[in-house]
Amino acid sequence: AQYNLGLSYAKGEGVPQDYKEAVKWYRLSAEQGNASAQSNLGLMYDNGTGVTQDYKEAVKWYRLSAKQDDAIAQFNLGALYETGQGVPQDYKEAVKWYRLSAEQEYELAQFNLGLMYAQGTGVPQDDVSAHMWLNLCGSNGYKDAVKNREIIEKDMSKIQIEKAQDMARNWKPTKK
């Protein structure tokens, strides 16, 4: 109920929109271990919505939620590691969190993971893996993934493209 109240205040549904009130209710729910409340509270701190922006506090709440397999929190934690906000910049750690999120079919994580492989950031550069992740993301209608996949394809052999397509076809999410 506390999480739902936080959501209502954040969205202004049934009550006037009030981010400070949303934070209050999210915090009460988050402290009881609600992963969605933890993720949303992390987002409030990440964006400075209803609270003073505090990346370290955002990391704290994202991490608690991410450890409960919340794909959005995992993605957001990966983004903070990639940019070095609230934590030391660590591309390998960013890849770890993006992968956990991407494996749950979170398309933005699939996109970012594809780019990390394409650029060799935090992982060895690998066009086949980049293509696979961008292909999976693009199959969900994410146009930027399709554009980036097509750019990568220009430097790939036909065999590499076929391998990436097979990997995407045979890929299964770990959780959902």
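Which residues form one aromatic cluster? They are Phe75, Tyr98 and Tyr106. Before I go on, please note that this is a predicted model.

I will stay with the aromatic rings for a moment. The count of aromatic pairs comes to five. One of them joins Tyr3 and Tyr26. Their ring centres are 5.9 Å apart, and the planes make an angle of 35 degrees, a tilted arrangement. Where do the two partners sit in the chain? Tyr3 belongs to helix 1, residues 2-11, and Tyr26 to helix 2, residues 19-30, so this pair links parts of the sequence that are 23 residues apart.

Are these two tyrosines buried or exposed? A residue counts as buried under 20% relative accessible area. Tyr3 has 19%, so Tyr3 is buried. Tyr26 has 2%, so Tyr26 is buried as well.

Now to helices 4 and 5. Helix 4 covers residues 55-66 and helix 5 covers residues 71-83. Their axes come within 8 Å and cross at roughly 140 degrees, which means that helix 4 is oblique to helix 5. The crossing is left-handed.

Which residues make the contact between helix 4 and helix 5? From helix 4 there are Tyr55, Ala58, Val59, Tyr62, Arg63, Ser65 and Ala66. Across from them, helix 5 brings Ala73, Gln74, Asn76, Leu77, Leu80 and Tyr81. Sorted by class, this contact has nine nonpolar residues, three polar and one charged.

To recap: one aromatic cluster of Phe75, Tyr98 and Tyr106, a tilted pair of Tyr3 and Tyr26, and a left-handed crossing of helix 4 and helix 5.

How values were computed: Residues are numbered from 1 along each chain as its sequence is written. This is a predicted model: local features need pLDDT of at least 70, side-chain atom pairs count only at pLDDT 80 or more; totals for chains, interfaces and linings use all residues. Side-chain values use heavy atoms; hydrogens and water are left out. Rings of Phe, Tyr and Trp (its six-membered ring) pair if their centres lie within 6.5 Å; planes under 30 degrees apart count as stacked, over 60 as edge-to-face and the rest as tilted. Helices (H or I, at least four residues) and strands (E, at least two) are DSSP runs, numbered from the N terminus. Buried means under 20% relative accessible area, exposed over 50%, partly exposed in between (1.4 Å probe, protein chains only). Axes are lines fitted to C-alpha atoms, for helices over the stretch in contact, and angles run from 0 to 180 degrees between N-to-C directions. Angles under 35 degrees count as roughly parallel, over 145 as roughly antiparallel, 65 to 115 as roughly perpendicular and the rest as oblique. A crossing is left-handed if the near helix is turned anticlockwise from the far one by less than a right angle, and right-handed if clockwise. Contact means heavy atoms within 4.5 Å. Ala, Val, Leu, Ile, Met, Phe, Trp, Tyr, Cys and Pro count as nonpolar, Asp, Glu, Lys and Arg as charged, and the others, Gly among them, as polar.
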